[in-house]
Amino acid sequence: MPEGDTIHRAARTLHAALAGKTVTRFETALAQLARVDDETPIAGRVIERVEAQGKNLLVHFSGDLHLRTHMRMNGSWHIYRPGERWRLPRRDMRLAIETAEWVAVAFNVPVADFYDSRSLERQEDLRRIGPDFIADAFDVNEAKRRIRERADMEIADVLLNQRVVSGIGNEFKSEILFMARVHPFARVADLSDEQLDAILSTARKVMRANVAKHSAARITNFSLDPRQTQYVYARGGKPCRKCGTAIEYAKQGRDVRGTYWCPKCQVRGKS
Ligand SMILES: [Zn+2]
């Protein structure tokens, strides 16, 4: 699944290219979108805003029309100049929004629907999304409250639950917990407020830094060595960059996601 920073970066790129521009052409391979386009054409509408909400990407059009897409595992948004060759085959295209200067193409998005503002507000799963680490406004107290509600759950699993907090994917989960020196299998109830604060502030800093960067390469380890881009993620069995202990790996949680940690640097109980 794409990390939250990927979605936010896509939303920022699309917003910069499309906001304020008029749609000159709309194309879709999805019946539910084609039906709306037939009844109330997308071409001629102005794109007002593109934004990320959790792992959803929302495109707001004039005339109270809103497109929601979710990328799940394989979906992606690309942006091209008109006539430029696409990097994925045409059969993977699900929808394309063209303006005079750009074509935004969604490939393999499994979820795509149009809404008016009332029906969009009624989308329960959008309403339930927890505070977003990448958003300009991040409600840290609400994030803490939602995390504390999951007292019996393991912290790494809680960080991936979009109903608790959003924006963190599986890779950053391991990195953030290493930086905050908290063991991924620690239960929420066993964390001190200081540990929770450390996790939240680290997550905010790391996720925001990755969105601000233009390149797609991710960095959590702010080392000068460009080869050292991760502390623990995908480094099972290799020496910890801080203490040299072998990095451990296990599957974790309801969704059986891979987790990496240093058994010496990261503590399970209160520090
Ligand atoms: Zn270590």
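Axes here are lines fitted to C-alpha atoms, for helices over the stretch in contact, with angles taken between N-to-C directions. In this predicted model, that description can be applied to a pair of helices, α1 (residues 4–18) and α8 (residues 193–212). Their axes come within 9 Å and cross at roughly 40 degrees, and the crossing is right-handed. On the α1 side, the contact is made by Asp 5, His 8, Arg 9 and Arg 12, while α8 contributes Met 207, Arg 208, Asn 210 and Val 211. Sorted by class, the residues joining α1 with α8 are four charged, two polar and two nonpolar.

Four cysteines coordinate the zinc ion through their SG atoms: Cys 240, Cys 243, Cys 262 and Cys 265, at 2.2 to 2.4 Å. The angles among the four donor atoms run from 101 to 114 degrees, and the site of the zinc ion is tetrahedral. Along the sequence, the donor residues follow the spacing C-x2-C-x18-C-x2-C.

Within this set, Cys 243 and Cys 265 form a pair that links distant parts of the chain, 22 residues apart. Cys 243 sits in the loop between α8 and β9 (248–252), whereas Cys 265 lies in the segment after β10 (257–261). How do the two stand in terms of burial, buried or partly exposed? Cys 243 counts as partly exposed because its relative accessibility is 29%, a value between the limits of 20% and 50%. Cys 265, in turn, counts as buried because its relative accessibility is 7%, which is under 20%.

Methods
Residues are numbered from 1 along each chain as its sequence is written. This is a predicted model: local features need pLDDT of at least 70, side-chain atom pairs count only at pLDDT 80 or more; totals for chains, interfaces and linings use all residues. Side-chain values use heavy atoms; hydrogens and water are left out. Axes are lines fitted to C-alpha atoms, for helices over the stretch in contact, and angles run from 0 to 180 degrees between N-to-C directions. Helices (H or I, at least four residues) and strands (E, at least two) are DSSP runs, numbered from the N terminus. A crossing is left-handed if the near helix is turned anticlockwise from the far one by less than a right angle, and right-handed if clockwise. Contact means heavy atoms within 4.5 Å. Ala, Val, Leu, Ile, Met, Phe, Trp, Tyr, Cys and Pro count as nonpolar, Asp, Glu, Lys and Arg as charged, and the others, Gly among them, as polar. Donors are N, O and S atoms within 2.8 Å of the metal (3.2 Å for Na, K and Ca); water is not among the atoms, so sites may look incomplete. Four donors count as tetrahedral if all angles lie between 85 and 135 degrees; four count as square planar and six as octahedral if opposite donors are over 155 degrees apart and all others between 65 and 115; anything else is irregular. Buried means under 20% relative accessible area, exposed over 50%, partly exposed in between (1.4 Å probe, protein chains only).
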